[in-house]
Amino acid sequence: MNKDPLRNMSTPKSVKLSKQEDMDTISDIEIIRSLLYCFQGVDSHWIEFNQNEKQFIVTAPLDFYQTSKVNRLMELGYLHNIVQEYIENNNDNKNGSVASGIAHCLHEELCVYYDSINKLQKEVNEAYEKSKQYSLGNLLCWSVLWLGQLQDLAYTVKMIDGNKRGGELVSVIAPFAYCANPYLQQMATNMIKVATRPLMMIMCHWMVDGELLDNYDEFFIYQCPDINNLDMWNNRYAIRESMVPAFFTKEDVNRIFRTGRYINFLHTICKSKPDLTPSRKTLKDLRNSGDKDLFPMLEQGSIISDLINKACTESSTVVLDILKEKFKLFLHFEGLRRYMLLGQGDFVTSLLEILQPHLDKSSGTLGPHTFRNFLDTAVRMSNAQYDEPTILKTLDVKLLLTSGEDCGWDIFQLNYATGGPLETIFEFSGSGKYSIMFVFLWRLKRIDFVLSQMWRELNLQIKTSYHIVPEIRYALKWTNNLVAEMVHSVRQIQFYVLSDVIETEWEHFREAINKASLLETVIEAHNQFLKNIFKRSVQTEETHDLSKKMRQLFESVLELRGIQERFHSQSEHELNRRKDLEKYIEEHGTCNEIENNDAEAKEAFLLEVDRYENIIKEISNSYKVDLVKFLKKLIKVSTDDQEALHSLANRINFNKYYSKNDQDLEKCATYICRSHK
């Protein structure tokens with residue numbers, strides 16, 4: 001250890017000598033007796049301690065040689081007081097049990113020092129009684145060893161003094177256990193053994209019973225206040241990095257944290273207290289013994305580290321088994337796929353058909369009870385009725401907050417609220433990721449449903465009005481072509497999301513959880529499953545532009561639907577007018593007034609048809625422009641690591657339908673094809 005900073009730290013500010021020129025200098029034996037008190041921080045006749053200036057003052061007349069030696073020797077008293085002050089400030093657990101343990105070790109070192117002073121005093125007394133000489137030089141020889149040791153103690157005190165507590169204190173001392181100074185190394189070893197015993201007790205209790213008994217706020221795990229059971233898993237407990245002992249690995253800290261959280265979760269949320277696993281029994285024995293410390297953790301591959309690893313693994317397995325058997329974890333995963341991710345196709349179709357007349361209404365006229373009845377009806381009309389009762393009891397309807405201008409489509413949402421332990425860990429319901437993905441998939445289903453409606457209405461309109469109202473033939477042709485393009489692109493997107501993304505990722509997820517034996521494995525696989533479907537469905541922040549372009553395509557469909565409905569209503573009105581007129585003429589004949597009114601009505605309707613055709617052409621051109629932009633962005637994103645997006649772009653651009661009229665899209669697609677070879 002480098003002693004230069006140590007010596008600068010431990011030297012008194014100054015030693016004041018009284019000028020008494022009229023007195024003779026005192027003998028060595030007199031000043032030695034005062035120094036023996038000084039070594040212990042006690043005032044004497046010739047040497048006093050100034051509390052304000054924190055230094056010793058010599059009041060005795062000394063010669064030049066005595067002054068030099070006394071200055072050197074008084075440093076022992078100064079260093080002693082530094083150590084003693086720390087001991088007094090940290091006894092009786094005033095600043096925590098770890099600081100108290102360190103103070104106890106320092107006190108033991110001072111006791112050895114006091115014992116040496118007692119022996120020295122006997123030697124001085126014997127020399128005085130036998131009229132033998134005992135000089136300051138002899139005292140200096142004795143002080144050499146203790147001066148170095150007290151410097152080490154005082155340096156340690158300076159390093160640990162302040163606001164440090166618990167594991168933070170241990171981290172400061174730990175490096176000394178590997179230094180080249182044998183005395184400092186042994187002292188640090190003793191301190192670590194004593195100081196880490198309370199941390200060992202807290203750690204064992206946390207891993208055995210899932211409770212924190214940290215009365216002095218010293219452990220590296222702490223409990224956050226005012227956290228309810230629903231947020232328990234992620235937010236009730238946290239790790240204080242500053243309080244982690246330096247010799248703990250990150251893996252050990254995480255395993256300790258997880259083990260205690262598992263047990264706390266079982267006791268408080270699952271209301272279950274399974275038998276102790278073998279490793280936790282061993283930890284309980286260590287806690288009950290009360291004399292074990294964390295010093296072995298300084299060495300790699302320690303027994304305690306292996307014990308922590310086994311306890312974490314065993315606890316994780318126990319929790320997973322309880323979640324699977326008692327709370328049907330894997331069954332609820334299947335329920336989420338079927339309903340929140342719209343994997344139960346016939347149920348979704350039935351639900352859409354039942355809800356459609358109500359979803360188009362203003363949100364202010366809709367109530368949750370009505371939708372729950374529709375949900376039950378959709379279940380009975382589909383194969384969902386054969387699902388496990390556990391799943392169906394969990395399925396419910398949730399209406400989102402409305403702005404007053406929304407319709408039923410905007411506020412309707414399925415809710416899969418498992419409650420209890422599963423909700424605590426996985427956050428299935430609420431505004432979590434499943435809800436976000438449902439909103440996206442529901443919008444996609446809505447667009448597909450709207451297009452199917454328009455397609456059926458167009459076919460019906462062509463059959464009923466094609467010959468009676470010939471003016472709408474070209475308008476229906478334009479609309480039919482545009483709807484066909486929209487159906488093709490939207491269904492390719494829907495097929496990609498539901499099949500290529502969700503079903504594919506679900507198979508990977510199911511394989512992973514079927515092989516899993518630890519809860520962490522299931523949690524990681526579940527998080528990866530959600531991450532992958534969000535990323536591949538372009539619903540992440542990184543793909544916000546692409547997601548925005550997709551929504552623009554959907555908005556074009558809804559815009560077309562609104563215009564087409566109005567035109568369909570006008571066409572129906574014109575069709576009925578002409579039928580009624582034809583019937584009237586057959587029965588009553590015609591006249592100029594009837595003919596003129598009919599001509600005016602046809603002319604007015606023709607203007608509406610022309611206006612509708614122009615709007616359809618504008619929507620068609622706008623849709624193609626937006627779709628080409630979407631394809632370009634889709635191809636660009638697919639260059640990273642999503643080959644399936646490139647396949648989606650090719651399916652939408654079938655036979656180069658869009659790229660043959662856009663050179664930039666053609667170049668972009670050609671470049672990507674070559675770059676993937």
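1. Lys-328 is partly exposed, with a relative accessible area of 39%. Here buried means under 20% relative accessible area, exposed over 50%, and partly exposed in between (1.4 Å probe, protein chains only). Lys-328 is not a glycine, yet has a positive phi of about 55°. It is found in the loop between α12 (303-325) and α13 (329-340). Helices (H or I, at least four residues) and strands (E, at least two) are DSSP runs, numbered from the N terminus.

2. A word on the basis. This is a predicted model: local features need pLDDT of at least 70, side-chain atom pairs count only at pLDDT 80 or more, and totals for chains, interfaces and linings use all residues. Residues are numbered from 1 along each chain as its sequence is written, and side-chain values use heavy atoms, with hydrogens and water left out.

3. Asp-226 also needs a look. This non-glycine residue has a positive phi of about 55°. Its place is in the loop between β4 (221-223) and α9 (232-236). Asp-226 is exposed, at a relative accessible area of 82%.

4. Next, α20 (residues 473-515) and α22 (residues 544-588). Their axes come within 11 Å and cross at roughly 150°. Axes are lines fitted to C-alpha atoms, for helices over the stretch in contact, and angles run from 0 to 180 degrees between N-to-C directions. The crossing of α20 and α22 is left-handed; that is, the near helix is turned anticlockwise from the far one by less than a right angle. Residues of α20 including Leu-482, Met-486 and Val-490 meet a set in α22 that includes Phe-554, Leu-560 and Phe-567. Contact means heavy atoms within 4.5 Å. By class, the α20 contact with α22 has eleven nonpolar, three polar and no charged residues. Ala, Val, Leu, Ile, Met, Phe, Trp, Tyr, Cys and Pro count as nonpolar, Asp, Glu, Lys and Arg as charged, and the others, Gly among them, as polar.

5. The length of α22 checks out. Its 45 residues should span 66 Å at 1.5 Å a residue, and its end C-alpha atoms are 65 Å apart, which agrees. The expected span is 1.5 Å times one less than the number of residues. Just after α22, Gly-589 takes a positive phi of about 85°.

6. The axes of α10 (residues 250-268) and α12 come within 9 Å and cross at roughly 35°. This crossing is left-handed too. Among the residues that meet are Ile-256, Tyr-262 and Leu-266 in α10, and Ile-308, Cys-312 and Val-319 in α12. The contact of α10 with α12 has twelve nonpolar, five polar and three charged residues.

7. The largest nonpolar core has 114 residues, and those with the most contacts inside it are Phe-333, Phe-347, Phe-412 and Leu-414. Such a core is a set of buried Ala, Val, Leu, Ile, Met, Phe, Trp, Tyr and Cys residues joined through side-chain atoms within 4.5 Å. α20 gives the most to this core, with 16 residues. Beyond its neighbours within four places in sequence, Phe-412 is in contact with residues including Leu-351, Phe-371, Phe-438 and Trp-442. Another core lies apart from the largest one, with 91 residues, among them Leu-139, Ile-173, Ile-202 and Leu-286.

8. Asn-81 sits in helix α3 (residues 64-89). Asn-81 is buried, with a relative accessible area of 16%. Not counting residues up to four places away in sequence, Asn-81 touches Gly-41, Phe-49 and Phe-56.
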